[in-house]
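Hello,

Here is the structure I promised to pass on to you. Please have a look at it first; my notes follow below.

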Amino acid sequence: MKALNAILTGLAGVLAASAASAGVFIFAEQLENPGLITHPSGYTGSENQITVSVCIDPGSESIAQMEVPVRNVIRTWNERQPLLNNLQLNNPELPSNHVDYESVLLHEVGHCIGLAHPNLANESGLTGSSRGYAKALPGANDTYNLNAGSDGVIGTRNDLRGDDVNLGWFRKGVNNPFVFEQVIDASTYGVNLSDLPAGHNFVEIGALQVAQLRGLPDGEAVMHQGTRARATRRDLAPDDATMIRLGMAGRDRTQGTADDYTYTLEYGGVASGCDIMVRTEGNGFGICQVSGSFLNPGQNHIQITSGVITMGSAANVNWYFNQVLRGEPSIFTDRFEQD
Ligand SMILES: [Ca+2]
Ligand SMILES: [Ca+2]
Ligand SMILES: [Ca+2]
Ligand SMILES: [Zn+2]
């Protein structure tokens, strides 16, 4: 089996203004395979329930402050309940110029269970707002075609992307990253631009500027790269939960069949050898190093094999460590039924 490795930096630009869905699976870009689906570790194509252990590295800094954010992030990804208003700008809970550790960790764990950035992000080599365009391959002309179109907003349905090859999954015939559907599988979602509604040019992504253009509350896909000081993004957006559900439809890509699965992230405490290891140290901000391997047979599905998250040292990042344990699940599903 071919081994795969990817390093996805978290939310580039500490304390910077935002770089800012359709979502994207990790490794789809590297393998230039738009339809690729990546699953959490432990899914080989037949399991119905998988458990993914998450531990704090015993050698980490800030272990005592990390525990609540780590436990909260586990719970959030396990609940898989999206909110439209999942982004709180200028949250008074945080001192000014502080960055919310839990929000960044939520993003990094998303990488470790198979999700990539829905936007071009820093791995594109682009700078500034150009990173906010929908994730794509550069196409035959080997360069990203970036034109926001007549609405002037990056990441929307009218963007003119030339020969760029789309990597973002979208609701066929709808192209709205702010809905959470009942049936989420290859019958309702795809990556082929021919499935866009008439008049749409490209995939619309779950970015803040797009939510605002559509008259929605402040919300943004957790997997959208770009963070803001004093903001929190501790709940999933519809696009994040949708991507997870696509994976959970299993290798046959059909919801409700024998190969469907659910996953449970399990907190393993301060210990070595877990599926996802989290440590705080060093000069970076947030990085997730992920390895994966193809399911056998089939070259369009990958299983994560390891994930290592490194959050920057508190000596280098003005972290705010939330110390309030997340409460009981709140069910908001009805708000996101198909409209
Ligand atoms: Ca646009
Ligand atoms: Ca191009
Ligand atoms: Ca299935
Ligand atoms: Zn990232």
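Cys55 and Cys274 form a disulfide, with 2.0 Å between their sulfur atoms. Please keep in mind that this is a predicted model, so the distances and areas in this email are all computed from predicted coordinates. Cys55 sits in strand S4 (residues 49-56), while Cys274 belongs to the loop between strand S11 (262-270) and strand S12 (276-280), so the bond ties together parts that are 219 residues apart in sequence. A search of the whole structure turns up one disulfide.

Are the two partners buried or exposed? Cys55 has 0% relative accessibility and therefore counts as buried. Cys274, at 17% relative accessibility, counts as buried too, because the cut-off is under 20%. Two further cysteines may interest you: Cys112 is buried at 2% relative accessibility, and Cys288 is buried with a relative accessible area of 0%.

Next, the metal site. Which protein atoms hold the calcium ion (ligand 2)? Its protein donors are Pro138 (O), Asn141 (OD1), Thr143 (O), Asn145 (OD1), Asp163 (OD) and Asp164 (OD), and they lie 2.2 to 2.3 Å from the ion. Along the chain, these donors follow the spacing P-x2-N-x1-T-x1-N-x17-D-D. Take Thr143 and Asp164 from that set: both lie in the loop between strand S7 (136-137) and strand S8 (165-166), so the pair ties together parts that are 21 residues apart in sequence.

As for the geometry, the six donor atoms of the calcium ion (ligand 2) make angles of 77 to 169°, and the site is octahedral. For six octahedral donors, the ideal angles are 90 or 180 degrees.

Finally, a few words on the chain as a whole. The protein chain contains four helices and 15 strands. Of its 339 residues, 57% are buried. The chain exposes about 12600 Å², and carbon and sulfur atoms supply 48% of that area.

Best wishes

How values were computed:
Residues are numbered from 1 along each chain as its sequence is written. Chains are lettered from A and ligands numbered from 1 in the order in which they are written. This is a predicted model: local features need pLDDT of at least 70, side-chain atom pairs count only at pLDDT 80 or more; totals for chains, interfaces and linings use all residues. Side-chain values use heavy atoms; hydrogens and water are left out. A disulfide is a pair of cysteine sulfur atoms within 2.5 Å. Helices (H or I, at least four residues) and strands (E, at least two) are DSSP runs, numbered from the N terminus. Buried means under 20% relative accessible area, exposed over 50%, partly exposed in between (1.4 Å probe, protein chains only). Accessible areas come from the Shrake-Rupley method with a 1.4 Å probe; for residues, only the protein chains shown count as cover. Donors are N, O and S atoms within 2.8 Å of the metal (3.2 Å for Na, K and Ca); water is not among the atoms, so sites may look incomplete. Four donors count as tetrahedral if all angles lie between 85 and 135 degrees; four count as square planar and six as octahedral if opposite donors are over 155 degrees apart and all others between 65 and 115; anything else is irregular.
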